[in-house]
Amino acid sequence: MTKVRILILAVVALVLLNVALVAFLLSHGPPPRQEGPKRVIIERLHFDAAQISAYEQIIGEHQGWVDGKTAQQKRLREELYALLQKPGRDGADSIATAIGVVQAQIELIHFKHFEAIEAICRPEQRADFIALSQELTQLFRGPPPRQERP
């Protein structure tokens, strides 16, 4: 077999593999989207239309508070890393402490958000809320941590 024939066979094989891969991906479609926490809470707590409306208002208030604290935290981080451009770099500890304080405030905002959700539940929804509260860390966890490279 000549080198040209081997190359032609390799190219044909690779083209066929690519076509098969594309066909496979197109036939299976995109992966299913994970349900959003809002939808999960509404379904698990069996909210009616009035409760959904109240819940959406609670969400808006919550997002406003968190956005404000996140912006504050961002400014503090910028201030912290701006110290790298200065010779003394004094104040890094106090800025880092302030960042931690803001993070603690964010966590309390989240906690009060769930207290507000609990407040709109009817008595018969209380058991569902308690069950849901045990899963909150899984529902609202961020993206999975990156794998460390060896």
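# Briefing: a six-helix chain and the lining of its largest pocket

Helix 4 supplies five residues to the lining of the largest pocket, which is the largest share. The model described here is predicted. The protein chain contains six helices and zero strands, and its pattern along the sequence reads α-α-α-α-α-α. Of its 150 residues, 20% count as buried. Among contacts in the protein chain with a separation of 6 or more, 64% are between residues 24 or more positions apart.

**The largest pocket**

- The volume of the largest pocket is about 280 Å³.
- Its lining consists of 15 residues, of which His62, His110, His113, Phe114 and Phe140 are the closest to the centre of the pocket.
- Two or more lining residues come from each of helix 2, helix 3, helix 4 and helix 6.
- By residue class, the lining of the largest pocket divides into eight nonpolar, five polar and two charged residues.

**His62 and His113**

- His62 belongs to helix 3, and His113 belongs to helix 4.
- His62 has a relative accessible area of 15% and is therefore buried, the cut-off for this class being under 20%.
- His113 is likewise placed in the buried class because its relative accessible area is 10%.
- Beyond residues up to four places away in sequence, His62 touches Ile109, His110 and His113.
- With its neighbours within four places in sequence left aside, His113 is in contact with Tyr55, Ile58, Ile59 and His62.
- Both histidines are among the residues closest to the centre of the largest pocket.

**Helix 4**

- Helix 4 covers residues 92-119, a run of 28 residues.
- From its first C-alpha to its last, helix 4 reaches 41 Å, which is close to the 40 Å expected at 1.5 Å a residue.
- The residues of helix 4 that are buried are Ile95, Ile99, Val102, Ile106, Ile109, His113, Phe114 and Ile117.
- An α-helix has 3.6 residues a turn, so residues three or four places apart point the same way.
- The packing partners of the buried residues of helix 4 are helix 2 (37-45), helix 3 (49-82), helix 5 (126-133) and helix 6 (136-139).

**Helix 3**

- Helix 3 has 34 residues.
- The distance from the first C-alpha of helix 3 to its last is 49 Å, close to the expected 50 Å at 1.5 Å a residue.
- Buried positions in helix 3 are Gln51, Tyr55, Ile58, Ile59, His62, Val66, Lys69, Gln73, Leu76 and Leu80.
- Helix 2 and helix 4 are included in what covers the buried residues of helix 3.

**Gln103 and Lys69**

- Gln103 is located in helix 4, while Lys69 is one of the buried residues of helix 3.
- Gln103 counts as partly exposed because its relative accessibility is 31%, a value in the class between 20% and 50%.
- In sequence, Gln103 and Lys69 are 34 residues apart, and in space they are 8.0 Å apart, C-alpha to C-alpha.

**Packing of helix 2 with helix 5**

- Two packed helices are described by the angle between their axes and the distance between the axes.
- For helix 2 and helix 5, the axes come within 9 Å and cross at roughly 145°.
- Helix 2 makes this contact through Ile41, Arg44 and Leu45, and helix 5 makes it through Asp128, Phe129 and Leu132.
- The residues of this contact comprise four nonpolar, no polar and two charged.
- Helix 2 and helix 5 are also among the elements against which the buried residues of helix 4 pack.

**Positive phi values in loops**

- His46, which is not a glycine, has a positive phi of about 55°.
- The position of His46 is in the loop between helix 2 and helix 3.
- Arg89, also a residue other than glycine, has a positive phi near 60°.
- Arg89 lies in the loop between helix 3 and helix 4.
- Arg89 is classed as partly exposed because its relative accessible area is 44%.

Technical notes
Residues numbered from 1 in each chain as written. Predicted model: local features only at pLDDT ≥ 70, side-chain atom pairs only at ≥ 80, totals over all residues. Heavy atoms only, no water. Helix = DSSP H or I, 4+ residues; strand = E, 2+ residues; numbered from the N terminus. Expected span 1.5 Å × (residues − 1). Buried < 20%, exposed > 50% of the residue type's maximum accessible area, 1.4 Å probe, protein only. Contact = heavy atoms within 4.5 Å. 1 Å grid on protein atoms, 1.4 Å probe; cavity = no way out; pocket = protein on both sides within 12 Å on 5 of 7 lines; lining within 4 Å. Points joined across faces, edges and corners; volume = space filled by probe spheres on them. Nonpolar A, V, L, I, M, F, W, Y, C, P; charged D, E, K, R; others polar. Axes fitted to C-alpha atoms, helices over the stretch in contact; angles between N-to-C directions.
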